[in-house]
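Biologist: I am new to this structure and would like to look closely at a single part of it. Please take me through that part slowly, and then show me how it sits among its surroundings.

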Amino acid sequence: MKKNELYLNDYAQLCREADGLEPEMFDKYEVQRGLRDKNGNGVVTGLTNISRIDAFKTVDGVKTPCEGKLWYRGYDCIELVKGFRGTRFGFEEAAYLLLFGNLPNEKQLKEFRDMLAANRTLPTNFTRDVIMKAPSSDIMNSLTRSVLTLASYDRNCSDTSVENVLRQCLNLISVFPMLAVYGYHSYNHYQNDESMYIHRPSRKLSTAENLLMMLRPDKSYTELEASVLDIALVLHMEHGGGNNSTFTTRVVTSSGSDTYSVIAAALSSLKGPKHGGANIKVVEMMQDLEKHVSDWEDEDAVRDYLKKILNKEAFDRKGLIYGMGHAVYSLSDPRAQVFKGFVHQLASAKGREKDFALYSMIERMAPEVIAEKARIYKGVSANVDFYSGFVYSMLEIPLEMFTPIFAIARIVGWSAHRIEELINMDKIIRPAYKSVMREQEYIPMNER
Ligand SMILES: CC(=O)SCCNC(=O)CCNC(=O)[C@H](O)C(C)(C)COP(=O)(O)OP(=O)(O)OC[C@H]1O[C@@H](n2cnc3c(N)ncnc32)[C@H](O)[C@@H]1OP(=O)(O)O
Ligand SMILES: O=C([O-])CC(=O)C(=O)O
């Protein structure tokens, strides 16, 4: 073993010894791990008027798990999707609703679309000087770097008035697709030796259409592809104040920080594999399963593989079946149900029925396997990330873009929550940590 590795092994062990806490201490001091109580309910840390998640209903006075529902500003998001599907693109309309609290009329929607289109521009040479520098497969990091660098071009960066923050948020919502797609093309060129395409967005196209157009070498896409992606964006836009990246948004906003820093922090949270990064992990996990299980129809073999994942013996050895489970939903995540509908449709068109059958088997089996091992408070079911990656792969969107697509949508929710925090709170978020540290007498150097 190399000297540096030996050093790190020894000192990592010191970290474990210094930092390890007895699990019983959390009970003793009534600390709610993950800010969740013993029944899995989140600790209430704020009020919001932006959205609501339903996962339980009261039956005969008893709190009972139910099918999940997600509401944006009072509207069931499935109804919103039904309202625009097949007639117009919904991203801009849903973004308007989340930011301003009401559904736009035709004039307001046109104005909003025009304003986003006018904002779809980057500072001179930004692509060359920032995005193309040190490209990597981690497009979320590239996006974060771009967002932080955009702060240097903003003369009014630190002004937290609602007007200025709204200007910054609208600008970021507009340019996110360019930052992500150009980051991907730079990586694909410099690391994968492919040709590089930097297509400019079109003022005439919606966010979903622009995304596909800029991504594709020949700029082509079908109506169906753009519509599926548009609905995916709407369903990823917002999820309450407590999800990890939105809570991060609120925490960093509460310290008085600027919009670019807040959004960079939110991006850093979203990319985590237990949050938005799970959509990449699901596809990698399925590829690993297909490599290690020869007969995908053999239920016993698939079950054994899932058990190995939970025992940290397979895939990334983290013990998680990605795309399964949720901190709030119990019986179902409504977004996953919509995605499942698309998967069904697309899988038969693209000849991927065998993959679809495997996904469905895992969706059915994983909750059983997880329940055998962990204490389940409310049920475990497929979450939004389970089928979304499969849908994107059938739209021939590269794997590296899956979490950035989530971010292109969720920046709308982050913006709405940043503004709600600024308008109402003016109080720094600062929870407490019970200290279990032991006091010690100082030891002079020659006595250590
Ligand atoms: C957009 C999104 O962020 S959706 C979520 C995307 N993330 C994933 O798909 C990653 C896989 N899933 C998970 O890691 C978890 O389900 C989370 C992080 C989403 C939610 O975790 P929790 O809030 O702890 O869920 P919940 O309270 O229902 O879990 C009950 C138990 O089942 C375990 N569990 C839940 N889901 C899974 C899973 N997919 N794989 C293995 N174990 C799981 C939990 O670890 C917990 O065990 P513990 O009490 O010993 O810690
Ligand atoms: O609410 C959560 O914890 C995670 C989630 O589904 C999301 O952010 O969309």
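What covers the buried residues of α10?

Modeller: Please keep in mind throughout that this is a predicted model. The cover over the buried residues of α10 includes α3 (77-84), α4 (91-100) and α9 (207-215), and it also includes α15 (334-350), α17 (384-394) and α18 (402-424).

To see what is being covered, begin with the helix itself. Helix α10 takes in residues 223-236, and at 1.5 Å a residue its 14 residues should span 20 Å, which agrees with the 20 Å between its end C-alpha atoms. Eleven of those 14 residues are buried, and α10 is therefore largely enclosed by the rest of the structure. The buried residues are Ala 226, Ser 227, Val 228, Leu 229, Asp 230, Ile 231, Ala 232, Leu 233, Val 234, Leu 235 and His 236.

Where the domains meet, 17 residues of domain 1 are in contact with 19 residues of domain 2. On the side of domain 1 that touches domain 2, the elements giving two or more residues are β2, α3, α10 and α18, and the largest share, five residues, comes from α10. Sorted by class, that side of domain 1 has twelve nonpolar, three polar and two charged residues.

Strand β1 (residues 51-59) pairs with strand β2 (residues 62-72) in the antiparallel sense over eight bridges, and Phe 56 stands opposite Pro 65 in β2. The hairpin of β1 and β2 has two residues between the strands, and Asp 60 there takes a positive phi near 50 degrees. Strand β2 is also joined by two bridges to strand β3 (residues 75-76), and these two strands run antiparallel, with Tyr 72 opposite Tyr 75 in β3. The hairpin that β2 and β3 form likewise has two residues between them, and Arg 73 in its turn has a positive phi of about 45 degrees.

Finally, there is the ligand. Ligand 1 is surrounded by 24 residues, of which the closest are Ala 278, Met 324, Gly 325, Ala 327 and Ala 374, and the shell around ligand 1 divides into 13 nonpolar, eight polar and three charged residues.

Notes
Residues numbered from 1 in each chain as written. Chains lettered and ligands numbered in written order. Predicted model: local features only at pLDDT ≥ 70, side-chain atom pairs only at ≥ 80, totals over all residues. Helix = DSSP H or I, 4+ residues; strand = E, 2+ residues; numbered from the N terminus. Expected span 1.5 Å × (residues − 1). Buried ≥ 20, exposed ≤ 12 C-beta atoms within 10 Å, placed from the backbone. Contact = placed C-beta atoms within 7 Å. Near = placed C-beta within 6 Å. Nonpolar A, V, L, I, M, F, W, Y, C, P; charged D, E, K, R; others polar. Pairing = 2+ DSSP bridges.
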